[in-house]
Amino acid sequence: MKIAVINGPNLNLLGKREAHIYGSKSMSDLEGELKNLAEANQCQLLFFQSNHEGELVDFIQKLLADETCQAIIINPAAFTHTSIALRDALIACEKPFIEVHLSNVHSREEFRKKSYLSDRAVGVITGLGSMGYLAALRYFLAKGVES
Ligand code: DQA
């Protein structure tokens, strides 16, 4: 199994950015935890982070042609609340995806409650910190990706 893990803008600053909201782990700490779980389950992960909407769209479009990649775990960060382009790319890509947020977006500002992706996601995990990514990976490992 191969799964793409995609992170949107400012998530490269994890550990330094608003640690009281997003936690003290860096992106490479998080990737390391995911890699350990994936390797123990014969799963390969493809990591991608970008601060640019178009680069995220380009990456998702490339996944469309990659038949070896079966699913996506995505934290679209601020683009969750704004990006119809990201929504359209994920729909075009036709791979099951789980939307993850480190913080609980429903307990924050009103504008964070709106997601352009949630209704097309297999599921949404919000507020569990880095454990949310691990839970998403565990789900795909346990359930397979035919859904
Ligand atoms: C976030 C929540 C978003 O509202 C915010 O813009 C982010 C991170 C999260 O992981 O909690 O950058 O997706």
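**Helix and sheet**

Trainee: Where does helix α3 lie?
Mentor: Helix α3 (residues 53-65) lies across β1, β2 and β3. Helix α3 runs at about 170° to β1. Axes are lines fitted to C-alpha atoms, for helices over the stretch in contact (heavy atoms within 4.5 Å). Angles run from 0 to 180 degrees between N-to-C directions. Helices (H or I, at least four residues) and strands (E, at least two) are DSSP runs, numbered from the N terminus.

Trainee: What can I rely on here?
Mentor: It's a predicted model: local features need pLDDT of at least 70, side-chain atom pairs count only at pLDDT 80 or more, and totals for chains, interfaces and linings use all residues. Residues are numbered from 1 along each chain as its sequence is written, and side-chain values use heavy atoms, with hydrogens and water left out.

Trainee: What's the strand order in the open sheet?
Mentor: β2-β1-β3-β4-β5, five strands with parallel pairing. A pair needs at least two bridges found by DSSP.

Trainee: And which strands stand at the edges?
Mentor: β2 (44-49) and β5 (123-126). Each has a single partner strand, so one side of each lacks a neighbour in the sheet.

Trainee: How many bridges join β1 to β2?
Mentor: Six, and the two run parallel. Ile6 stands opposite Phe48 in β2. With β3 (residues 71-75), β1 (residues 2-7) pairs over five bridges. There, Ala4 stands opposite Ile72, and Val5 opposite Ile73.
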